[in-house]
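Please keep the sequence and the model in view while reading.

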Amino acid sequence: MDQLIVSTVTPAGKTRARGLGIPLPGTPGPANAITDVDGVLVGYATLIKGDGKLSLGHGPVRTGVTAILPLGRDGVGIACAAGYHSFNGNGEMTGASWLEEAGSLNMPILITNTHAVGTCHRGVIDWAARNKPEVAQQWLLPVVAETWDGYLNDINGSHVTVEHAMEAIDNAAGGAIEEGSVGGGTGMNCYAFKGGSGSASRIVDYGHRSYTVGVFLQANFGSRNELGIAGVPLGAELADDNPMEAYFSGGPTGAGSCIGIVATDAPLLPGQCKALARRVPLGLARTGTAGSHFSGDIFLAFSTANRDALNGRFPKGAPSEESYSHMDFIPWGRMDDFYTAVVQATEEAVLNALIANTEMIGRDGNRTPALPHARVVAALKARGVVAG
């Protein structure tokens, strides 16, 4: 597929931010997604069924699972440098204490709804036991993160199963990926518009070669009045048609959370991965959010370089002169362009999650409208941001 087409629409033909002519800084990779980092795969299991009144255990269901595989299925069990950052801890990311301790990641990353974390955790373990038994012989501490979809989804029902978690891993692929209401992002809302899964990437030139930084978000945060696009505040202009505001009756409409995953093929230390993860909130802020107390915003970054240099497997025999690991890494003084890439890709990933989407009606008839493309473009044209 032509690079321009890949950058402006999803595989299903849904418009992305660049398809509306929104000017965004930086140079994206060919898919403009986290999968532009070689070896990274993304897979979904999407659950949409039933309508009408909430009936615990019987729907309506608007949820799912997203799987991100840093080194593909064959690379499960191979360690890569990683670090995480909790901007606001009103959320969950399992395995975070081991990430902090060891600075490495060797398992698929799953993202789902708040009440399905345990099921997905078990699903990663079962997938590894079935497909990577040599890895499962040692301890497994999967990374599973969540955001809340209870406005549209029967979140207390046991709809997400172990099989769905394994399905998402098995479905994972490279190249252009679908966005919007898919996978774990199926029932999510962003700025009181339909949100969910969004991704983007940036190319970082580094003298003798180029590296890629990719971001994937499960976007489920922000109040309508906060929304800004390409530096233009649009919350007041798009304040109408906001059923979530009435539903929460003056409550925390900015609640819900955001999970962000950053990938790069640049060789980085665990502390440098953590530094990338800390930059995700700056990209979110470019779209308007101030970071609600009720929004758990947790981010993880990993590097696919230096494969297995940080492995923590059980050692065999006594240490010898070969019992050392070695890593190349970008000097700290040259990290700024990578920070910029994270911020730029994060901003665009939010917009892609909003724009590559449609209205959704879920439990009890609760409705979330889609971001109105024509009104957004008209507002940006009126301010000279988009060419008229």
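Which element gives the largest share of the lining of the largest pocket? The share is three residues, and H2 provides it. The model described here is predicted.

**The largest pocket**

The volume of the largest pocket is about 430 Å³. Its lining is made up of 26 residues. Nearest the centre of the pocket lie Gly77, Asn106, Val135, Trp139 and Arg313. Two or more lining residues come from each of these elements: helix H2 (96-102), strand S4 (104-105) and helix H4 (133-136). By residue type, the lining divides into 14 nonpolar, seven polar and five charged residues.

**The cysteines**

How many disulfides does the model contain? The count is zero. A pair of cysteine sulfur atoms must lie within 2.5 Å to be counted as a disulfide.

| Cysteine | Nearest cysteine sulfur | Distance |
|---|---|---|
| Cys120 | Cys258 | 18 Å |
| Cys258 | Cys190 | 7.4 Å |

Cys120 is in no disulfide, and Cys258 is in none either.

Are these two residues buried or exposed? Cys120 has a relative accessible area of 0% and is buried. Cys258 also counts as buried, because its relative accessibility is 0% and the cut-off for buried is under 20%.

Terms used. Residues are numbered from 1 along each chain as its sequence is written. This is a predicted model: local features need pLDDT of at least 70, side-chain atom pairs count only at pLDDT 80 or more; totals for chains, interfaces and linings use all residues. Side-chain values use heavy atoms; hydrogens and water are left out. On a 1 Å grid over the protein atoms alone, a cavity is a set of points where a 1.4 Å probe fits but cannot get out, and a pocket is an open set with protein on both sides within 12 Å along at least five of seven lines; lining residues have an atom within 4 Å of a point. Grid points are joined across faces, edges and corners, and a volume is the space filled by probe spheres set on the points. Helices (H or I, at least four residues) and strands (E, at least two) are DSSP runs, numbered from the N terminus. Ala, Val, Leu, Ile, Met, Phe, Trp, Tyr, Cys and Pro count as nonpolar, Asp, Glu, Lys and Arg as charged, and the others, Gly among them, as polar. Buried means under 20% relative accessible area, exposed over 50%, partly exposed in between (1.4 Å probe, protein chains only).
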